[in-house]
Amino acid sequence: MLPESIREELRAIVGEKNCLDKQEALVAYSYDATPMQQALPDVVVMPKSTDEVQQVMRVAARHHISVVTRGAGSNLCGGTIPVGGGIVLVLSRMNQIVEIDEQNLTITVQPGVRTVDIHQAVEALGLFYPPDPGSMVISTIGGNIALNSGGLRGLKYGTTKDYVLGLEAVLPNGEVIRTGGKLMKDVAGYDLTKLLVGSEGTLAIITEAILKLIPKPQTQRVMLAMFADMAQAARSVSDIIANRIIPGTLEFLDQGTIRVVEDFKQIGLPTNVAAILLIGQDGEPQTVERDMEQIAAICQKNDAVQIKVATTVEEADEVMTARRSALAALSRMRPTTILEDATVPRAAIAPMVAAIQEITERYGLQICTFGHAGDGNLHPTCMTDARNTEEIERVEHAFEEIFAAAIDLGGTITGEHGVGIVKAPYLEWKVGASGIEIMKGIKHAFDPHNLLNPDKMFAKHSRNRVVVQRA
């Protein structure tokens, strides 16, 4: 428990109503979107400015108090759980769009701005910020940067890291650093901007970001391609890319996900097919039409049983909304939903999905898979019940094997959700012992007293590497 004197210091910085220590408030900030992970903070602090963040960090540094930074709480790897108590620093009040610079094609924002608000603000000016994580209507840009969030448009446009030009960040000792700027080129020293992107709040607290914008695409088309076999869908993905077509969106849903999403949204998805590819393209009208015709021909060559092209903007939006609702739809099935994000090279999608299906059947679980087929980022999602300890043990073993299968296929344990608590025991599987030591050295250079988001990323004990023999 923090002494009352420290609480008074914090109240003096942010005001009494923005310094919460009642039990109900602590419970509200003891968990995020990660199932089965919870820990109470000692106090919740809500700063309004960079200066207030600095002052809070000086108090934390002086008294050696851990600080976990939090936005909207949509994290899926336990990254905002205050495992050791301490301060949860909520940045949702820092929610201003500071500037939209149409000459330099940049937007400067505070960390608490919602991703969807950035989209709406710049698109009203004919500009475009492509990163679109599935949680974009609630997630905030600070969290997107901390986790290097991806999204449905990642294949064509890249992820958050590709649009962060500069950052203002508060270090654990309360000092401020500014990295990058409104620059397309900057090789002055180490690239601290890229280092902070994806660092999961373990190195510094991001208080402002300069993001790159591009012109808004003139038009957009969306189609659905249905397949009787997952291998046909996966082959279509590879063939589309091999034909030098890079769609704006290239998503897939397996049969289990299709059935649940259709029951939830009722937009007319066929429930008797093995897989659906959701394919979108944007750009100049003539290019979009040509690409969509070629994509349809490729899918037909790979024995698509049906191809449906959205004929109106409303119909296209309905299809995209249905895809974004996959997690919500699956969450209705059972009390606990565990969403993962193993990622493999595009060419390995079919064997990865086959491995997930084999593991699912062997452990007697209910796992549906959907995801970003274009960049190999799969979301195997298990519907279970946290109260059933025997089943949860099977779930844990199954996901261990799924992570191992992804690595065996040249992939990784996480493509966009991050490491946090949940993936920490498996990080060494991907980066090796030497990689872990280098990362720990970077952490120590920024945060020698381990104040920022401790107990994340680096597990006290790594899990033994799973080896699965398959036919």
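Residues are numbered from 1 along each chain as its sequence is written. In this predicted model local features need pLDDT of at least 70 and side-chain atom pairs count only at pLDDT 80 or more, while totals for chains, interfaces and linings use all residues, and side-chain values use heavy atoms, with hydrogens and water left out.

The protein is divided into domain 1 (4-90), domain 2 (97-215) and domain 3 (219-409), with bounds from an automatic or database domain assignment. The C-alpha centres of domain 1 and domain 3 are 37 Å apart. In an unreviewed UniProt entry, residues 37-216 are annotated as "domain: FAD-binding PCMH-type"; such annotations may be inferred rather than shown by experiment. This span is 22% helix and 24% strand, where helices (H or I, at least four residues) and strands (E, at least two) are DSSP runs, numbered from the N terminus.

Across the whole structure, 26 salt bridges were found, each being a side-chain nitrogen of Lys or Arg within 4 Å of a carboxyl oxygen of Asp or Glu. One of them joins Asp101 and Lys182 at 3.0 Å, N to O. Asp101 belongs to strand S5 (residues 97-101) and Lys182 to the loop between strand S9 (176-180) and helix H7 (192-196), so the pair ties together parts 81 residues apart in sequence. Asp101 counts as buried at 10% relative accessibility, and Lys182 as partly exposed at 31% (buried means under 20% relative accessible area, exposed over 50%, partly exposed in between; 1.4 Å probe, protein chains only). A salt bridge of 2.9 Å, N to O, connects Lys423 with Glu340, and both residues are buried. Glu358 and Arg362 meet at 2.7 Å, N to O; being 4 residues apart in helix H13, they are separated by about one helical turn.

The search of the whole structure also gave 5 aromatic pairs. Rings of Phe, Tyr and Trp (its six-membered ring) pair if their centres lie within 6.5 Å; planes under 30 degrees apart count as stacked, over 60 as edge-to-face and the rest as tilted. Tyr129 and Tyr163 form an edge-to-face pair, with 5.9 Å centre to centre and 75° between the planes. Both tyrosines, Tyr129 and Tyr163, are buried. Lys212 lies over the face of Tyr163, at 5.0 Å from the ring centre; the criterion is NZ of Lys or CZ of Arg within 6 Å of the ring centre and within 35 degrees of the ring normal. Elsewhere, ring pairs link Phe399, Phe403, Tyr426 and Trp429 into a cluster.
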